[in-house]
Amino acid sequence: MQEKIDRLLEEIQFLTASSREGVEQLRLKYLSKKGLVPLLFEEFRSIPKEQKKVFGQQVNELKSKINRKLDELDASFEDNEEAESPDLDMTRPVDQIQIGSRHPLSIVRNQILGIFSRIGYTVAEGPEIESDWYNFSALNFPAEHPAKDMQDTYFIEKDPDMVLRTHTSSVQVRVMETTIPPIRKVFPGRVFRNEAISARAHCIFHQVEGLYVDVNVSFGDLKQSLFFFAREMFGEETKIRLRPSFFPFTEPSGELDISCNICEGNGCNICKYTGWVEILGCGMVDPQVLANCKIDPEKYTGFAFGMGIERIAMLKYQINDLRLFFENDIRFLKQFQGTC
Ligand code: PHE
């Protein structure tokens with residue numbers, strides 16, 4: 001009996017528990033009806049009378065020591081909870097998650113696509129690596145056309161017939177080849193030109209082109225559609241003007257200017273004191289291009305246009321350096337948070 005008491009006394013000095021449930025387990029082990037201490041009391045009943053005094057005292061002491069120890073352990077958890085609770089303010093607002101913002105070019109692309117979708121245009125996309133046919137030949141570029149030479153076009157070294165597309169007109173060809181008119185589509189995408197990087201030019205930029213082919217499509221339709229676009233994009237007061245131009249795939253071809261939205265036509269360095277800024281190229285689809293794409297030019301006519309998203313964004317948000325779009329400086333990008 002003495003041995004058992006001593007062992008338990010020793011044991012309880014080192015009791016630990018990792019939680020309140022742990023303390024409860026210990027309490028069961030030592031003090032429950034069938035626990036170790038009641039067992040000792042049982043044994044105590046059968047020992048000789050003269051020893052009862054000594055052992056009775058010891059067992060009682062053991063019991064109260066265990067009780068104290070378990071109470072102490074229990075209290076330590078209480079302390080922890082109390083120590084933590086002052087910080088636990090359930091009413092405190094959660095930390096704000098840092099959310100990103102859309103890139104300004106995505107915002108402007110979505111705006112352009114949105115405007116055209118309101119007048120019935122749907123979106124088509126195509127590959128960035130194109131064959132000569134889709135990027136040039138189907139669009140009436142003669143073999144020796146200067147735009148094709150090494151100055152402007154990135155050729156794929158292994159296959160000179162393949163290029164990085166220089167415009168998304170290539171997607172126009174793909175759509176015309178596979179669609180019976182009416183066709184009314186816009187073509188967003190990344191394009192590549194071998195140009196020196198400056199505040200006004202980059203070797204990679206983004207375009208939205210558009211195409212409308214149907215019976216009786218006229219130059220008047222072109223003008224009205226683009227007028228609608230300009231006003232939606234730059235405001236009700238925006239005026240447009242068309243200047244004659246040249247593209248191999250449109251005839252006649254034009255360039256569209258809008259009244260400068262910065263000086264409202266009074267003259268500033270953005271419009272070079274002319275009151276007008278160029279925003280896109282356009283024209284009636286050349287009948288030969290329709291024929292190249294197996295569309296009957298006797299039956300159908302169409303117009304096409306193409307614009308650089310960077311240019312539209314620069315005008316819209318008065319950004320004076322195109323390179324800012326590619327640097328991804330968070331201070332620049334943050335300014336567009338919540339714009340779309
Ligand atoms: N593809 C021309 C360019 O990239 C733009 C354009 C498209 C012009 C359609 C006329 C018609 O510059």
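**Terms and the values behind them**

Modeller: This is a predicted model. The protein has twelve helices and ten strands.

Colleague: Why is the protein called more spread out than a compact globule?

Modeller: Its radius of gyration is 41 Å. The globule rule gives 20 Å for 340 residues. The value is well over that, so the protein is more spread out than a compact globule. Its C-alpha trace spans about 130 × 50 × 40 Å along the principal axes.

Colleague: Which domains does the assignment give?

Modeller: Domain 1 covers 2–84 and domain 2 covers 104–336. Their centres, taken over C-alpha atoms, are separated by 87 Å.

Colleague: What share of the residues is buried?

Modeller: Buried residues make up 40% of the 340. As for the surface, the protein exposes about 19,800 Å². Carbon and sulfur atoms supply 51% of that area.

Colleague: Why is phenylalanine 229 called buried?

Modeller: Buried means under 20% relative accessible area. Phenylalanine 229 has 0%, so it is buried. This residue lies in helix H8, residues 219–234. Among the residues it touches are Ile112, Ile115 and Met307. Phe116 is another contact of phenylalanine 229. Those two phenylalanines are 113 residues apart in sequence, yet 7.2 Å apart in space, C-alpha to C-alpha.

Colleague: How do you know whether valine 208 is buried or exposed?

Modeller: The relative accessible area of valine 208 is 0%. The cut-off for buried is under 20%. Valine 208 therefore counts as buried. Its place is strand S6, residues 204–214. Its contacts include Ile112, Phe187, Phe305 and Met307.

Colleague: What makes threonine 301 partly exposed?

Modeller: Threonine 301 has a relative accessible area of 31%, so it is partly exposed. The residue is in strand S10, residues 301–308. Tyr212, Val213 and Asp214 are among the residues that threonine 301 touches. Arginine 331 is 30 residues from threonine 301 in sequence and 47 Å away in space, C-alpha to C-alpha.

Colleague: Why is tyrosine 273 called exposed?

Modeller: Exposed means over 50%. Tyrosine 273 has a relative accessible area of 62%, so the word applies. Tyrosine 273 is in the loop between S8 and strand S9 (276–285). Its phi is near 60°, a positive value in a residue other than glycine.

Colleague: Why does asparagine 328 count as partly exposed?

Modeller: Its relative accessibility is 45%. Exposed would need over 50%, and buried under 20%. The value falls in between, so asparagine 328 is partly exposed.

Colleague: Which residues does a cis peptide bond join, with omega about 10°?

Modeller: Proline 181 and proline 182. Proline 182 sits in the loop between helix H7 (169–178) and strand S5 (183–192). A cis bond also joins glutamate 251 and proline 252, with omega about -5°. Proline 252 is in strand S8, residues 250–259. Most peptide bonds are trans.

Conventions
Residues are numbered from 1 along each chain as its sequence is written. This is a predicted model: local features need pLDDT of at least 70, side-chain atom pairs count only at pLDDT 80 or more; totals for chains, interfaces and linings use all residues. Side-chain values use heavy atoms; hydrogens and water are left out. Domain bounds come from an automatic or database domain assignment. Helices (H or I, at least four residues) and strands (E, at least two) are DSSP runs, numbered from the N terminus. The radius of gyration is taken over C-alpha atoms; the globule rule is 2.2 Å times the number of residues to the power 0.38. Buried means under 20% relative accessible area, exposed over 50%, partly exposed in between (1.4 Å probe, protein chains only). Accessible areas come from the Shrake-Rupley method with a 1.4 Å probe; for residues, only the protein chains shown count as cover. Contact means heavy atoms within 4.5 Å. Lists of a residue's contacts leave out its neighbours within four places in sequence.
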